[in-house]
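Hi everyone, thanks for coming. Today I'd like to walk you through one structure, starting with the overall picture and then going into some side chains. Please have a look at it while I talk.

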Amino acid sequence: QRALAETIQTTGVVGPDDTKLARIRPLAEGRVTRVAVRVGDRVSAGQTLLTYDSITEGDLVSQYHSAVAALDRAMAEADVTKRSVERADNLLEMGGVSRSERERRSAEHQRALAEVNSARATVTSVEQKLRRLGVSQADLERLRKGGDADAGSTSAVRAPFGGVVTEVHAAQGETINPERELFTVADLGRVWLLADVYQKDIAKIRVGQNAVVTVDAYPGEEFSGRVTNISDVLDPGTRTAKVRCEVANPNGRLKLQMFATLALPVSAAREVLVITARAIQDIDGVPTVFVRVDEEHFQTRPVRV
């Protein structure tokens, strides 16, 4: 006699957590200059995966230089007109200029300020376009101080978060565009186990219940999981529903596409008669055990497992 809980046992496959799976594309068209990672590499957030020569970014960098130069000229003109107004104010008090001259200079200053605002808006607009292409604030500061415009045509594709590179679809010299997926990066600190559960057992399972996962690669070791989804659609061929179980995988020991066994306790523990699994023999399709009668004789007993 032993206290056991009823358990549903099924098999499944280890897959990535779809909420931590990134399919990465470039932000503009260009030609690949360097591929920095390979399949299986571990990357950190923001790490460069690939660099490419971007015509779009190069054009924007040139526009940025022009816009910054125009802003500098407008600010210089506004400063000149401001000093002119200040001189007119001083001369007006002494009768050195007429009031109409002072108003004319003031109007020139207002037009100069409007030019400054317009130039500043142009700079901001180009900066926003460059940021959408992945240009950092530090790069913008460098360009604003007169950085090489040609260097600005080199763009980088970076990892959005830390993880493992599971796919690479790029090579040096290739032409790429935003419609093409270049990399897949998966954060495998948590994985999903997708298992099939028969229709008759679905009512016994609930979202949030604990699960025990085992794999052949690590005999005797168990991984703790939690049911997070029960599919609303049955497979018409097998009459099973997909059950998704989230499993912590901090050391990356569970690998993608591993086969695993999922045990789902579905009732409270109760006292039952148990026997070791290897004592069960299949005789003509009937589960059977051998009971010792004496030192030399055994008796067959059909059982229901």
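Let's start with the overall dimensions. A compact globule of 305 residues would have a radius of gyration near 19 Å, but this chain comes out at 36 Å. Please keep in mind that this is a predicted model. Along its principal axes, the C-alpha trace spans about 135 × 45 × 35 Å. In terms of secondary structure, the chain has three helices and 19 strands. And of its 305 residues, 33% count as buried.

Now to the charges. Side chains of opposite charge can pair when their charged atoms come close. How many salt bridges does a search of the whole structure find? The search gives 16. I'll take you through a few.

One of them joins Arg102 and Asp89, with 2.6 Å from N to O. Arg102 belongs to helix H2, residues 99–132, while Asp89 belongs to helix H1, residues 55–94, so this pair ties together parts that are 13 residues apart in sequence. Are these two buried or exposed, or in between? Arg102 is partly exposed, at 23% relative accessibility, and Asp89 is partly exposed too, at 28%.

Next, over to the strands. Asp196 makes a salt bridge with Lys242, and their closest N and O atoms are 3.0 Å apart. Asp196 is in strand S11 (residues 190–198) and Lys242 in strand S14 (residues 240–248), so here the linked parts are 46 residues apart in sequence.

Strand S14 comes up again with Glu246, which pairs with Arg226 in strand S13, residues 223–235. Glu246 counts as buried because its relative accessibility is 17%, under the 20% cut-off. Arg226, at 38%, is partly exposed.

There is also a network of salt bridges, linking Glu6, Lys200, Asp201 and Lys204.

Charges can meet rings here as well. The charged end of Arg244 sits over the ring of Trp192, 4.2 Å from its centre. Likewise, Arg253 lies over the face of Tyr218, at 4.0 Å from the ring centre.

Last stop: the surface. Which residues form a nonpolar patch there? They are Ile283, Phe290 and Phe298, with about 280 Å² of accessible area together. Phe298 is found in strand S19, residues 298–302, and is partly exposed, with a relative accessible area of 47%.

How values were computed
Residues are numbered from 1 along each chain as its sequence is written. This is a predicted model: local features need pLDDT of at least 70, side-chain atom pairs count only at pLDDT 80 or more; totals for chains, interfaces and linings use all residues. Side-chain values use heavy atoms; hydrogens and water are left out. Patches are made of residues with over 30% relative accessible area and no salt bridge: like charges are joined within 9 Å, nonpolar side chains (Val, Leu, Ile, Met, Phe, Trp, Tyr) within 5 Å. Accessible areas come from the Shrake-Rupley method with a 1.4 Å probe; for residues, only the protein chains shown count as cover. A salt bridge is a side-chain nitrogen of Lys or Arg within 4 Å of a carboxyl oxygen of Asp or Glu. Helices (H or I, at least four residues) and strands (E, at least two) are DSSP runs, numbered from the N terminus. Buried means under 20% relative accessible area, exposed over 50%, partly exposed in between (1.4 Å probe, protein chains only). A charge sits over a ring if NZ of Lys or CZ of Arg is within 6 Å of the ring centre and within 35 degrees of the ring normal. The radius of gyration is taken over C-alpha atoms; the globule rule is 2.2 Å times the number of residues to the power 0.38.
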